[in-house]
Amino acid sequence: MRLIVPLQAVFQGPGGLVLGTILPCALFYALQLLRGKWRASASPDAAPDQNSSRNDQILARNDQTLAGNDQALANAEADAAYISARALAIASVGTWSSYYVGWQEFVRNPYHPVDNPGGCIELGIAENKQLSWDLIENWLKNHPQEWPDNGPFCFRHVAGYCEFHGLRAFKNALAIFMGEVMGGRVAFKEEQMVLTSGSSAALDILAFSLAEAGDAFLVPSPYYPGFDRDMKWRSGVKLVPVPSHSNNDFRITKAALDRTFTETEKSGIKVRAILVTSPSNPVGNTLDTTCLLLLLNFSSEKKLHIICDEVYAGSAFADPAFVSIAELLDSQNYDASRVHIVYGLSKDLGLAGFRVGVLYTWNKQVLSSAAGMTRFCSISSQTQCLLSTLLLDKQFVQDYIAENRRRLGERRKWVASLLEKAGIFCAKSNGGLFVWMDMRRYLVSDDPEGEVILWKKLLYEGRLNLTAGACCHCIEPGWFRLCFSSSSDDTLTVAFERLKSLFL
Ligand SMILES: Cc1ncc(COP(=O)(O)O)c(C=O)c1O
């Protein structure tokens with residue numbers, strides 16, 4: 001009402017009463033009414049259906065950017081501490097995706113053979129915790145971290161602010177390691193690298209750099225559920241699945257790429273990139289040369305970027321051998337400025353907690369904008385110093401890669417044979433830390449609801465956290481991902497006993 005008195009002073013004469021008092025009062029009360037309505041729907045104490053409709057709005061908005069005016073109005077009108085729609089969408093994430101609900105169930109009631117034998121067994125996180133950590137532990141025992149008196153890894157060199165996009169010496173060590181992992185067929189260069197705290201951050205930066213909010217990336221599905229977080233949350237980019245099918249071993253086809261591209265652009269959404277993973281998560285198959293050439297040709301024709309996530313390159317354990325997209329760029333005539341590789345040490349070295357990611361690009365602008373953004377996601381210099389010494393130990397690296405691959409292959413074989421005894425078959429795979437299980441015969445109905453019922457049975461009756469196909473945008477209900485390298489043999493045996501007692 002504070003506005004009304006000065007307005008009365010301004011509007012003198014016969015119209016003063018209407019213009020100075022009645023009109024502002026009417027406006028004021030209309031505004032109060034709107035404000036009350038807004039508060040009711042935003043309040044956490046609102047009725048459940050109001051809350052869920054708010055949630056729906058938030059989710060719908062997750063793919064959009066808020067119009068500036070809309071946000072400014074909401075800011076001005078809310079008395080409650082204002083939280084952006086972007087942040088609210090992220091805050092509510094744990095409650096609506098089975099991927100996160102399953103994890104929370106494990107955290108609430110984790111299995112332990114002695115302390116909690118009835119607890120939930122975690123089979124949904126792709127980590128290599130069990131198979132090869134002993135090799136790294138041994139190396140660490142023999143190489144306690146010491147600060148040299150001088151050189152790129154001496155205390156005085158790295159204790160202050162360093163290059164946020166990675167120490168040059170560490171980039172060199174990583175370039176050599178990546179070359180080794182990829183069979184020595186590619187010479188990676190430190191000048192084309194930006195280092196980030198984990199490959200998730202590299203993916204986030206690429207989404208931010210290659211598209212405007214509201215633009216789309218095509219992603220062959222089934223795909224890694226984390227892409228919906230890493231690529232969308234901050235950038236506002238949409239991910240459009242390019243479906244593949246079990247009758248084709250979940251391989252990418254030109255027909256599916258063409259169809260998805262045309263339909264997306266027809267709906268008014270600009271496609272900017274294709275995002276692929278090799279070896280694939282969740283299927284575990286690698287992209288062969290024919291498929292990589294198909295992708296390169298398709299992206300040349302449509303003027304798209306290609307992001308090739310190769311974080312499992314060193315975890316490819318069987319033929320056909322892994323082929324990096326970098327190999328084809330070296331030998332063919334493609335526009336390399338549209339090609340970007342994502343790598344990291346979370347999977348192949350099992351060092352997810354060390355948070356080391358690599359964005360490798362041939363595009364100078366992307367390189368410099370990404371370097372700028374690493375201010376928000378750099379790797380601590382201490383981590384870089386320690387890992388440089390490890391990665392430069394050529395003998396250790398060669399032995400580790402060979403032994404880790406051997407162990408992964410053996411584990412995969414053992415897991416697949418146990419699953420077969422429970423009547424569950426897996427898609428063909430030659431890499432990764434998981435198997436992609438066909439559980440369609442256990443669906444009560446062959447539809448998404450049937451898959452949810454099965455997922456709940458596994459989680460709440462079997463106390464097994466597995467990733468349901470829907471989280472990976474699989475179009476065939478009944479496929480589940482089981483991560484086999486984060487549990488011990490004994491825990492996996494218990495998991496299989498539980499599976500058998502659920503279904504046999
Ligand atoms: C295909 C893929 N890319 C990226 C990541 C993220 O890895 P990081 O720990 O390096 O962020 C994962 C983790 O599961 C993954 O499966």
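Residues are numbered from 1 along each chain as its sequence is written. In this predicted model, local features need pLDDT of at least 70, side-chain atom pairs count only at pLDDT 80 or more, and totals for chains, interfaces and linings use all residues.

**Whole protein.** Show the cartoon: the protein has 19 helices and 13 strands. These are DSSP runs numbered from the N terminus, helices being H or I with at least four residues and strands E with at least two. Of the 504 residues, 39% are buried. Buried means 20 or more other C-beta atoms within 10 Å of a residue's own, and exposed means 12 or fewer, with C-beta atoms placed from the backbone.

**Helix H12.** Select residues 254-266. Leu257, Thr260 and Phe261 are buried. They lie on the same side of H12, because they cover an arc of only 100° around the axis (the arc of the directions from the helix axis to the C-beta atoms). Turn to the other side to find Ala255, Thr262, Glu263 and Lys266 exposed. The buried residues of H12 pack against strands S3, S4 and S5 and helix H13. Just after H12, glycine 268 has a positive phi of about 90°.

**Leucine 304.** Next, select leucine 304, in the loop between helix H13 and strand S6. It is buried, because 20 other C-beta atoms lie within 10 Å. Among the residues that leucine 304 touches are Val271 and Arg338 (contact: C-beta atoms, placed from the backbone, within 7 Å).

**Ligand.** Finally, select the ligand: of the 14 residues around it, Gly198, Ser199, Ser200, Gly344 and Ser346 come nearest (near: C-beta atom, placed from the backbone, within 6 Å).

How values were computed:
Contact = placed C-beta atoms within 7 Å. Expected span 1.5 Å × (residues − 1). Lists of a residue's contacts leave out its neighbours within four places in sequence.
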